[in-house]
Amino acid sequence: VRGRYLAAGAVAAGVVALAWRGAFLPPAGGAVPRTAWGDPDFQGVWRYEGATALERPSQFAGREYLTDEELAERARVEREQAANRLAGLEGDAVGRRSVAESPIRGNEYNSFWQDHGRPRQVYRRTSLIVDPRDGRIPYTPEARRAEARSAARYGVGPFESFLDPDTGERCLTDGVTGMMWQGPNGGHNRIVQSPGFVTILHEEYRDRRIIPVDGRPHGTIPQWFGDAVGRWEGDTLVVETTNFLDRTHYEWASIWTRPSPTLHLIERFRRISADTLEYTITVEDPATFTRPWTAVIPISKLPEDTQIYEYACHEGNYAMPNLLAGGRADAARRGAR
Amino acid sequence: MSAVRIVPALAAVAVAAGVMLWTLVANRLPDDARGAPRTADGRPNLAGVWQALNTASYDIQDHAARPAMAVIPAPARTGIPGSSRATPIELPAPPVRALGAAGGVPAGRGVVVGNELPYQPWAAERKKENAERWLERDPEIRCFMPGVPRATYMPYPFQIIQGSDVILVAYTFAGATRTIHMTPAGTSPSSTWMGWSRGRWEGDTLVVEVTDFNDQTWFDRAGNFHSDALRVVERYTPASPYHLMYEATIEDPKVFTRPWTMRMPLYRIVEPDVRILEYRCVEFVEELMYGHLGVIDPGAVK
């Protein structure tokens, strides 16, 4: 049954990739840059800089594209919010929940941590998800409940032990699925290639994928980031990842962060212009989703001097002892009442 | 043209073609004189999975075998006055005693050239104290990034990914990765665990200057340490298809009286389909670091 699922997923991914090719940008012009050994060259620092959300906001239900007026308005808002970010404003003015309204009660990460630096790019699509057509993640009912539970607990607790914060707050990872297009501090990815390998270094949690592209088969050892094997299909890098660890018992983590042994990813990287990678990901996990889903994401190349900096999260995780001390104080107060 | 003249002409052409072919093949062969591979642009090709095979992770200096990294002194024995009693050698400290021989330390030759570490007097004292308080102080125990050069000779493989403008060194332990900048890349905005690495080629040697360290990392489990004034110059020199020579010169005027050097071969892992596997040890030290801090200790044994 699983094999059929995978095959269906692969076919769906292919069809969707064809159907939505150029959905964000005009088709490629000019030659694809190549490495000294002839592979398409993806090297550099990349980040998703678009304003389009993964899932379609309810206001656009039933519509896959913005109108011209909406597109212009979106562009105007992005420019305004970028200026506001540079001016040090917070909350609505920069398109974020205000610190005061945050369930973390005044301790929301402010935009300093999330600064986009320049206006985000606006695209006509109303969601990054192109399949299913409603642009929404097809959670199973149980997964939807689990997501709601973990979202409600985020930053709220109770925190009785180190197992109670999500995997990000524990400095473990935010997971491989969203690595190319999200990250708590900007989502920078540096791609480095040498013959037979494509390596992606993600700044947050210093997450790293060293993807063999040398024809080897999948290994059998389960890992947080699974077992990735790549191949070139023309100028497209196709990466298939399987053998994820089972960390579904970290139940306060969102589905993005905790690996599931039934998770299976098919990703396609294609350089559609000098400064854009078209990244297509098909996510399949019968334990979490009712069907495979696919997102197409334009990833921007950042200026040549952009660096990935060291992310010493665990080494400086003063938040964890503080969180647990807070948990003890809460418990003591409850006991005293 | 007579046949007499054609034959030498053909021979000359054949020789020329042969030379050309040989030159082509020789240029295409990715090997240098030592048989080490080269990149398309003629540089030594260090790409691959490497590992040190020594005991420097315990102690970078010559060391005798011992029962554990954490030991207690042999306790004085009391008994019948006037009667002598044998005393034990130093004993494994209680927290590691259950490990038995698996927690023991094999003897090993050091990797420090000349074996001496030129500590300033205060620093020699501090090193000794570090060794005595290993369990509390060694950053390895808490899965902190290992620093440079310690990451090189921890007992795990690491991979070099030799890109166009940067060379990545991807270590197993704690998932630490270094970016070696082969083109101008500005300066580090702050001090770091793994340093800020600038590389250049000196002939066939990759020379990497590493700066901007914090004072948190160690050189080994024996308590050898440095300050934030550390500057490391590494040299990676291909020596054969299967090994390279690694050298790290340590400068730290706050801790040492002069620069000193460690040197060791690094060996290529030759098994097919070798790859660096994840060792996300954060998950494995949370109980040690935080278990006792919660309302509930998930590791409390009933």
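Chain A has four helices and ten strands, where helices (H or I, at least four residues) and strands (E, at least two) are DSSP runs numbered from the N terminus. The secondary structure of chain B comes to five helices and eleven strands. This is a predicted model, in which local features need pLDDT of at least 70, side-chain atom pairs count only at pLDDT 80 or more, and totals for chains, interfaces and linings use all residues. Residues are numbered from 1 along each chain as its sequence is written, chains are lettered from A and ligands numbered from 1 in the order in which they are written, and side-chain values use heavy atoms, with hydrogens and water left out.

**Confidence**

- The mean pLDDT of chain A is 86, and 85% of its residues reach 70 or more; pLDDT is the predictor's confidence in each residue, from 0 to 100.
- Over residues 1-23 of chain A the pLDDT is below 50. Beyond near neighbours in sequence, this stretch has 31 contacts in the model, a contact being heavy atoms within 4.5 Å.
- Where pLDDT is low, the predicted coordinates should not be read in detail.

**The two chains**

- Along its sequence, chain A follows the pattern α-β-α-β-α-β-β-β-β-β-β-β-β-α.
- Of the 337 residues in chain A, 53% are buried. Buried means under 20% relative accessible area, exposed over 50%, and partly exposed in between (1.4 Å probe, protein chains only).
- In chain B, buried residues make up 45% of the 302 residues.
- Among the contacts in chain A with a separation of 6 or more, 62% are between residues 24 or more positions apart.
- For chain B, 58% of the contacts between residues at least 6 apart in sequence join residues at least 24 apart.

**Contact between chain A and chain B**

- Chain B contributes 48 residues to the contact, and chain A contributes 48 residues.
- The area buried between the chains is about 4200 Å², and carbon and sulfur atoms give 57% of this area. Buried area is the accessible area (1.4 Å probe) that two parts lose on being put together, summed over both.
- Arg275(B), Arg280(B) and Tyr290(B) supply 17% of the area that chain B buries against chain A, more than any other three residues.
- Five salt bridges are counted between chain B and chain A, each being a side-chain nitrogen of Lys or Arg within 4 Å of a carboxyl oxygen of Asp or Glu.
- Arg280(B) also forms a salt bridge with Asp207(A) through their side chains (3.0 Å, N to O).

**Helix α4 of chain A**

- Helix α4(A) covers residues 319-336; at 1.5 Å a residue, its 18 residues should span 26 Å, and its end C-alpha atoms are 25 Å apart, which agrees. The expected span is 1.5 Å times one less than the number of residues.
- Met320(A), Leu324(A) and Gly327(A) are the buried residues of α4(A). Seen down the helix axis, the buried residues of α4(A) fall within an arc of 50°, so they line one face of the helix; the arc is that of the directions from the helix axis to the C-beta atoms.
- An α-helix has 3.6 residues a turn, so residues three or four places apart point the same way.
- Asn322(A) and Ala336(A) are exposed on the other side of α4(A).
- The cover over the buried residues of α4(A) includes α5 (282-290) of chain B.

**Helix α2 of chain B**

- The twelve residues of α2(B), residues 121-132, should span 16 Å at 1.5 Å a residue; the end C-alpha atoms are 17 Å apart, which agrees.
- Ala123(B), Lys127(B) and Asn130(B) are buried in α2(B). Seen down the axis, the buried residues of α2(B) fall within an arc of 60°, so they line one face of the helix.
- Helix α3 (134-137) of chain B is included in what covers the buried residues of α2(B).

**Backbone details in loops**

- The peptide bond from Gly157(A) to Pro158(A) is cis, with omega near 10°; Pro158(A) lies in the loop between α3 (141-153) and β3 (189-194) of chain A.
- Val148(B) and Pro149(B) are joined by a cis peptide bond, with omega about 10°; Pro149(B) is in the loop between α3 and α4 (150-153) of chain B.
- Asn243(A), in the loop between β7 (236-242) and β8 (264-273) of chain A, has phi near 60°, a positive value in a residue other than glycine. Asn243(A) counts as partly exposed, at 23% relative accessibility.
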